[in-house]
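This report covers a protein model, from single residues up to the whole assembly. The sequence and structure are shown first.

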2 protein chains.
Amino acid sequence: MVAEKRTVDRKRDSQALKGLLGVRDLVLGGGVSPGERLSEVWLAEKLGISRTPLRAALARLEQEGLLEQIPSGGYAVRGFTTADVFDAIELRGVLEGTAARLAAERGVTPAKLKAIKGLILELDKCFRDRPEDMLFDQYVELNAEFHSMLAGLAGSEMMRREVERATQLPFASPSAFLEKQEDVLAFRLSLVHAQRQHRDIVSAIEMREGTRAEALAREHARLARHNLEFVMEEDRSLITRVPGLTLIST
Amino acid sequence: MVAEKRTVDRKRDSQALKGLLGVRDLVLGGGVSPGERLSEVWLAEKLGISRTPLRAALARLEQEGLLEQIPSGGYAVRGFTTADVFDAIELRGVLEGTAARLAAERGVTPAKLKAIKGLILELDKCFRDRPEDMLFDQYVELNAEFHSMLAGLAGSEMMRREVERATQLPFASPSAFLEKQEDVLAFRLSLVHAQRQHRDIVSAIEMREGTRAEALAREHARLARHNLEFVMEEDRSLITRVPGLTLIST
DNA sequence: TGTGTCCAGGCTGTATACAGTGATAGGCCG
DNA sequence: CGGCCTATCACTGTATACAGCCTGGACACA
């Protein structure tokens, strides 16, 4: 019954959703190149949907920042510079930092505090005696949940929305450099540090140390920057493995 | 010729634009109440456009945060709490502060620095010996330009976009509590303070004092919060005169 | 009298037809 | 032979028709 309801729900906006996911995958998967114009008819045919829901998807992806409008009409894949990616990461750090600061300043309900502390304990369990035994996939999932929960910790719906927004760009996501990277030693080692930062951020929030919480969250986002620098300078072959990094032009 | 070109340009997306502006005016002007469901056919008929461009406008306004999607389909006017407005202002402060900090840290081109300093001088000219002679309208316009320029001072297109975004919500705009408020003494007096902050922000940026620039920009946004508190506690009749404030429910 | 069910109306989501505009290629003139 | 102009074509923006779903009300039964 529940499954059927969900099927119905999916079918309700299946076309628009199919278009959104389809175009996004196409862009991030490298099916289309930065700067390339996206033809509506071609896309509609390729995705098996009509132009109307496709246009809705395109408009949304433009808001997300993945596409840009062409003056003469239509949309094109947006190209990013390395500086853009740095800025997107910086922006996420600033917003997560603000969410952390507000949570500290305004106070967090005991229930929420308990929940996020439990999440940290769960994250701890992902680490094993031997680094190669680490539960990587579970860490990635829990890490995403942690950041999502952190965004909502201040109890401000508006702040939560904005943090989620800043996370939309694929390379700005807290999980951007984690997924499918378990075999890169440098990334694995940084997780120990990251987890320590998780703990400190929550601790600062609990002790109502707003400034410290903000600074820690900002610094935590810097890990992504370090990972990006590693990818760009040490091992550019990884570019294809981080979602969205193929959109970088210069 | 130029005028004709512009007419053509307007006609190009006149329907979609007409829908966007029309619905926005309707929502902000109080033509529809918070929580109220917006019927597409009714709106399309009222605005004299078809449903297709209207839907594009509605989707965009949902991204802007003025509308929200109804689970059963369609859109409704989003209601805001006072806390939401506070948060929106706080958010603008944080983002403008980040733009100022990055400008200070990364340095600003002499041309841009000269331009924004010139803007400050222009703003100075709006003040007269007698407060009642103040060039209010010009101040409002120049103030908007100052904030727009500040957003782009860091030379980061991404940061500029995000600051502009945070400014979209009408009550979060730097001009929110300025327009049509020249006869409110409390607001007029705060402009002297605001202009001093403008000067200090630019000065901090020029001297590469990133932290100070960020703090000043954040505090500058707090002026809007003070104005909002004044409106809500001292003179609620002003609610109808600040664009978007009619959307506040609690 | 209250509750559950069924029906009708309206509404959204989708598809498609059409018109206007920009781009491109080919031809003509210099 | 090259540059400019023009005509055609493809593509987007818009309108509208259609189908499925949600909602509200009325009726029947407990």
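This is a predicted model: local features need pLDDT of at least 70, side-chain atom pairs count only at pLDDT 80 or more; totals for chains, interfaces and linings use all residues.

The phi angle of R208(B) is near 60°, a positive value in a residue that is not glycine. Most residues other than glycine have a negative phi. R208(B) has a relative accessible area of 49% and is therefore partly exposed, since the exposed class begins over 50%.

R208(A) is found in the loop between α9 (185-206) and α10 (210-233) of chain A. Its phi is likewise positive, near 60°. With a relative accessible area of 49%, R208(A) counts as partly exposed.

## Q197(B) in helix α9

Q197(B) belongs to helix α9 of chain B. The relative accessible area of Q197(B) is 6%, so this residue is buried; the cut-off for that class is under 20%.

Leaving aside residues up to four places away in sequence, Q197(B) is in contact with E219(B), H220(B) and L223(B). L216(B) is 19 residues from Q197(B) along the chain, and the C-alpha atoms of the two are separated by 6.8 Å.

## Y139(B) in helix α7

Helix α7 of chain B, residues 136-152, contains Y139(B). This tyrosine has 1% relative accessibility and so counts as buried.

Beyond residues up to four places away in sequence, Y139(B) touches L123(B), C126(B), F127(B) and M134(B) on one list with L178(B), L191(B), A194(B), Q195(B) and H198(B). A100(B) lies 39 residues from Y139(B) in sequence, and the C-alpha to C-alpha distance between them is 21 Å.

## Fold of chain A

Chain A contains ten helices and three strands. Read from the N terminus, the order of the elements is α-α-β-α-α-β-β-α-α-α-α-α-α.

Among contacts in chain A with a separation of 6 or more, 70% are between residues 24 or more positions apart. Of the 250 residues in this chain, 51% count as buried.

## Dimensions, surface and charge

The radius of gyration of chain A is 20 Å; a compact globule of 250 residues would have a value near 18 Å, so the two agree. Along the principal axes, the C-alpha atoms of chain A fill a box of roughly 55 × 50 × 35 Å.

Chain A has an accessible surface of about 12,200 Å², and carbon and sulfur atoms make up 52% of that area.

## Relation of the two chains

How are chains A and B related? Chain B is superposed on chain A by a rotation of 180° with 0.0 Å of shift along the axis, at an RMSD of 0.0 Å. This is the relation of a two-fold axis.

Which surface does each copy use to meet the other? The copies meet through the same surface, because 100% of the interface residues of chain B are also interface residues in chain A.

Technical notes: Residues are numbered from 1 along each chain as its sequence is written. Chains are lettered from A and ligands numbered from 1 in the order in which they are written. Side-chain values use heavy atoms; hydrogens and water are left out. Helices (H or I, at least four residues) and strands (E, at least two) are DSSP runs, numbered from the N terminus. The radius of gyration is taken over C-alpha atoms; the globule rule is 2.2 Å times the number of residues to the power 0.38. Buried means under 20% relative accessible area, exposed over 50%, partly exposed in between (1.4 Å probe, protein chains only). Contact means heavy atoms within 4.5 Å. Accessible areas come from the Shrake-Rupley method with a 1.4 Å probe; for residues, only the protein chains shown count as cover. Copies are superposed by least squares on the C-alpha atoms of residues with pLDDT of at least 70 in both.
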